[in-house]
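These are my notebook entries on one structure. I record below what I looked up, in the order in which I took it up.

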Amino acid sequence: MEQKKRIFSGIQPSGDLTLGSYMGAIRNWVALQEEYDCLYCIVDMHAITVRQVPADLRRRSLEQLAQYIACGLDPEKNIMFIQSHVPQHAELAWVLGCYTQFGELSRMTQFKQKSQQHADNITAGLFTYPVLMAADILLYQADLVPVGEDQKQHVELCRDIATRFNFSFSDTFTLPEPFIPKLGARIMSLGNPENKMSKSDPDGCVYLMDKPEDIMRKFKRAVTDCETAVRFDRENKPGISNLLTIYCAATGKTLEDAEAEFKDQGYGVFKPAVGEAVVELVRPIREEAARLLSDKAYLESIYKQGAERASALANKTLRKVYKKVGFVAR
């Protein structure tokens with residue numbers, strides 16, 4: 001029997017999960033769980049590169065796990081765990097940091113952007129974040145890493161680090177490939193459709209746990225343009241194009257069908273219709289996540305079992321790495 005390819009991915013619990021996270025990433029993860037050997041991580045160690053309120057970080061980590069399951073990720077088919085529960089991530093990150101060039105990290109686009117956003121708190125962790133990300137991936141000998149375009153650079157650096165280590169010590173790491181699923185919808189901000197929907201932008205963002213009335217209000221306020229035609233034109237009508245993308249992703253309709261449905265209808269009809277489609281899409285997710293969050297013992301069993309399974313895989317890689325760099329066996 002042919003061995004399944006392995007996928008690793010994770011999302012920071014630095015804010016509540018968004019509609020963009022679901023449509024662009026998590027829904028695809030659900031589709032991948034039959035075909036691949038998948039590890040999905042709540043990357044809480046990455047989250048502290050910027051200041052977090054500890055109680056909020058703990059709460060969001062559990063909420064994110066509940067939402068993963070509510071979105072359709074099966075704990076039996078996937079390894080789901082919290083990053084800080086598997087200490088091998090930090091251990092491998094130190095070794096890999098010694099095989100990463102300062103200049104490589106200096107060129108990371110996200111470091112430059114986040115340094116501007118958090119000018120009063122440019123930490124070493126923010127600078128070395130891509131090394132920890134490389135450790136996340138390489139620990140599990142992942143073949144594929146589902147990422148957005150904004151993270152491709154980090155996967156390329158991960159490959160460079162792995163290649164350098166493999167060249168120095170013979171083959172140790174699988175070289176991962178960035179995996180950008182064709183099904184993933186790129187969801188933009190409702191307030192500024194030039195920017196990706198982000199959990200740090202509450203007004204332009206729909207959260208999976210939002211109440212129906214909040215979702216409707218956000219869509220009614222969504223930025224459009226001074227025309228009335230509902231048609232897809234990313235360059236000239238970014239707001240309407242984004243709403244059409246969301247509507248099609250929520251309903252399964254094609255762009256052509258959606259354009260025909262709202263021909264001559266105007267934005268006053270179209271925007272609430274998109275809101276209602278999203279309300280119905282996220283309703284079962286919100287309700288199931290709320291149910292799971294009321295059963296803390298079940299969630300604890302999932303993340304503990306996930307950490308045990310992840311640790312067993314991670315140990316194999318870390319032992320190999322420690323032996324190759326010359327550490328005395330434990």
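Is Asp-264 buried or exposed? I found a relative accessibility of 74% for Asp-264, and because the cut-off for exposed is over 50%, Asp-264 counts as exposed. I note at the outset that the model is predicted.

**Entry: backbone at two loop residues**

I kept in mind that most residues other than glycine have a negative phi. Asp-264 is not a glycine, yet its phi is positive, at about 65 degrees. I located Asp-264 in the loop between α11 (255-261) and α12 (267-293). Gln-141, also not a glycine, has a positive phi of about 50 degrees. Gln-141 sits in the loop between α7 (124-138) and β4 (144-146).

**Entry: Gln-83**

I looked up Gln-83 in the loop between β3 (78-82) and α4 (88-97). Gln-83 is buried, at 0% relative accessibility. I then asked which backbone atoms its side chain reaches. The side chain of Gln-83 comes to 2.9 Å from the backbone nitrogen of Met-45, and to 3.4 Å from the backbone nitrogen of His-46. Leaving aside residues up to four places away in sequence, I listed the residues that Gln-83 touches, among them Cys-41, Asp-44, His-89, Leu-132 and Asp-136.

**Entry: Leu-208**

Leu-208 lies in the loop between β5 (177-179) and α9 (212-220). I found Leu-208 buried, with a relative accessible area of 0%. Apart from residues up to four places away in sequence, Leu-208 touches Leu-17, Thr-18, Leu-19, Tyr-22, Gln-67, Cys-71, Val-282, Ile-285 and Arg-286. I also took one C-alpha distance: Leu-208 and Ala-289 are 81 residues apart along the chain, and their C-alpha atoms are separated by 9.5 Å.

**Entry: aromatic pairs**

I counted 13 aromatic pairs. For Trp-29 and Tyr-68, the ring centres are 5.5 Å apart and the planes stand at 75 degrees, so I classed the pair as edge-to-face. This pair links distant parts of the chain, with Trp-29 in helix α1 (residues 19-32) and Tyr-68 in helix α3 (residues 54-70), 39 residues apart. Trp-29 is buried at 1% relative accessibility, and Tyr-68 is buried at 0%.

I next examined Phe-165 and Phe-169, a tilted pair with 4.8 Å centre to centre and 40 degrees between the planes. Both residues belong to helix α8 (residues 152-169) and are four residues apart, about one turn of the helix. Phe-165 is buried at 0% relative accessibility, whereas Phe-169 is partly exposed at 23%. Ring pairs join Phe-165 and Phe-169 with Tyr-99 and Phe-173 in a cluster.

**Entry: packing of α3 and α13**

How do α3 and α13 pack, by angle and by distance between their axes? I read an angle of about 85 degrees and axes 11 Å apart for α3 and helix α13 (residues 296-325). The angle makes α3 roughly perpendicular to α13. On the α3 side, the contact is made by Leu-62, Leu-65, Ala-66 and Ile-69; on the α13 side, by Lys-296, Tyr-298, Leu-299, Ile-302 and Tyr-303. By class, I recorded eight nonpolar, no polar and one charged residues in the contact of α3 with α13.

Note on methods: Residues are numbered from 1 along each chain as its sequence is written. This is a predicted model: local features need pLDDT of at least 70, side-chain atom pairs count only at pLDDT 80 or more; totals for chains, interfaces and linings use all residues. Side-chain values use heavy atoms; hydrogens and water are left out. Buried means under 20% relative accessible area, exposed over 50%, partly exposed in between (1.4 Å probe, protein chains only). Contact means heavy atoms within 4.5 Å. Rings of Phe, Tyr and Trp (its six-membered ring) pair if their centres lie within 6.5 Å; planes under 30 degrees apart count as stacked, over 60 as edge-to-face and the rest as tilted. Axes are lines fitted to C-alpha atoms, for helices over the stretch in contact, and angles run from 0 to 180 degrees between N-to-C directions. Angles under 35 degrees count as roughly parallel, over 145 as roughly antiparallel, 65 to 115 as roughly perpendicular and the rest as oblique. Ala, Val, Leu, Ile, Met, Phe, Trp, Tyr, Cys and Pro count as nonpolar, Asp, Glu, Lys and Arg as charged, and the others, Gly among them, as polar. A polar contact is a pair of N or O atoms within 3.5 Å; within protein, one must be able to donate a hydrogen and the other to accept it, and residues adjacent in sequence count only if both atoms are side-chain atoms.
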